[in-house]
Amino acid sequence: YILKLMTKADFKERLNESINKVKYDTQQLFNSLKRIPYLQVYSPNGNFVMAKILNDMSSEELRNVLLQDKIFIRDCTNKIGLGPNFIRIASRTEQENIDIANHIELVLADFETQS
């Protein structure tokens, strides 16, 4: 059934539109995160952005603070080759990405002033 759908022109068009939207939103998330001075952000190759926290806040601490506001990021501490300061943020809609980046910036800045 799926293979049959994939041969239809409108399916291919909708699929390409969806792929391009995800790429655009992910790039927008990357650009929003890149301006945060407490993060080193890596160019995305999928629908998420990897970042390294540059102040002394751990990825687990950041994740826990953001969870209180129902924002989930991936703490990458247990990933081979990454340490306790790497996070992964999945791309959402354009506005959600802006809100997430702004929230992360506030949390990291607040942590910096408390340290």
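The buried residues of α2 (9-34) pack against α1 (2-6), β1, β2, β4 and α4. The model described here is predicted. Those buried residues of α2 are Phe11, Asp25, Thr26, Gln28, Leu29, Phe30, Ser32 and Leu33.

β1 (39-42) and β2 (48-53) run antiparallel and are joined by 4 bridges. The two strands form a hairpin, with 5 residues between them. Glycine 46 lies in this loop between β1 and β2. Its relative accessibility is 34%, so glycine 46 counts as partly exposed, since buried means under 20% and exposed means over 50%. The C-alpha atom of glycine 46 is separated by 9.1 Å from that of alanine 90, although the two residues are 44 residues apart along the chain.

β2 also pairs with β4 (86-90): these strands run antiparallel, with 5 bridges joining them. Tyrosine 42 stands opposite methionine 50, and methionine 50 stands opposite arginine 88 in β4.

The loop between β2 and α3 holds asparagine 55. This residue has a relative accessibility of 10% and therefore counts as buried. Asparagine 55 touches Tyr38, Leu108, Phe111 and Glu112, leaving aside residues up to four places away in sequence. Two of its polar contacts involve residues of that list. A polar atom of the asparagine 55 side chain lies 3.2 Å from the backbone oxygen of leucine 108. The side chains of asparagine 55 and glutamate 112 are joined by a polar contact of 3.3 Å.

Helix α3 covers residues 59-68, and its buried residues are Ser59, Leu62 and Leu66. Viewed down the axis of α3, these residues fall within an arc of 65 degrees, so they line one face of the helix. They pack against β2, β3 (74-75), β4 and α4 (94-114). Serine 59 lies in this helix and is buried, with a relative accessible area of 0%. Not counting residues up to four places away in sequence, serine 59 touches Ile53, Asp75, Cys76, Thr77, Pro84, Asn85, Phe86 and Ile87. Between the side chains of serine 59 and aspartate 75 there is a polar contact of 2.6 Å. Just after α3, lysine 70 takes a positive phi of about 60 degrees.

The helix α4 has 21 residues and reaches 31 Å from its first C-alpha to its last, close to the 30 Å expected at 1.5 Å a residue. Its buried residues are Asn97, Ile100, Ala101, Ile104, Val107, Leu108 and Phe111. Seen down the helix axis, the buried residues of α4 fall within an arc of 130 degrees, so they line one face of the helix. Leu106, Thr113 and Gln114 are exposed on the other side of α4. What covers the buried residues of α4 includes α2, β1, β2, α3 and β4.

In soluble globular proteins, nonpolar side chains tend to be buried together. In this model the largest nonpolar core has 22 residues, and those with the most contacts inside it are Leu33, Leu39, Leu62, Ile87, Ile89, Ile104 and Leu108. Two or more residues of this core come from each of α2, β1, β2, α3, β4 and α4. The largest share, 6 residues, comes from α4. Isoleucine 104, one of the buried residues of α4, touches Leu33, Ile36, Leu39, Leu62, Leu66, Ile73 and Ile89, with residues up to four places away in sequence not counted.

Technical notes:
Residues numbered from 1 in each chain as written. Predicted model: local features only at pLDDT ≥ 70, side-chain atom pairs only at ≥ 80, totals over all residues. Heavy atoms only, no water. Buried < 20%, exposed > 50% of the residue type's maximum accessible area, 1.4 Å probe, protein only. Arc of directions from axis to C-beta. Contact = heavy atoms within 4.5 Å. Core = buried A, V, L, I, M, F, W, Y, C linked by side-chain atoms within 4.5 Å. Polar contact = N/O pair within 3.5 Å; in protein donor to acceptor, adjacent residues only side chain to side chain. Expected span 1.5 Å × (residues − 1). Pairing = 2+ DSSP bridges.
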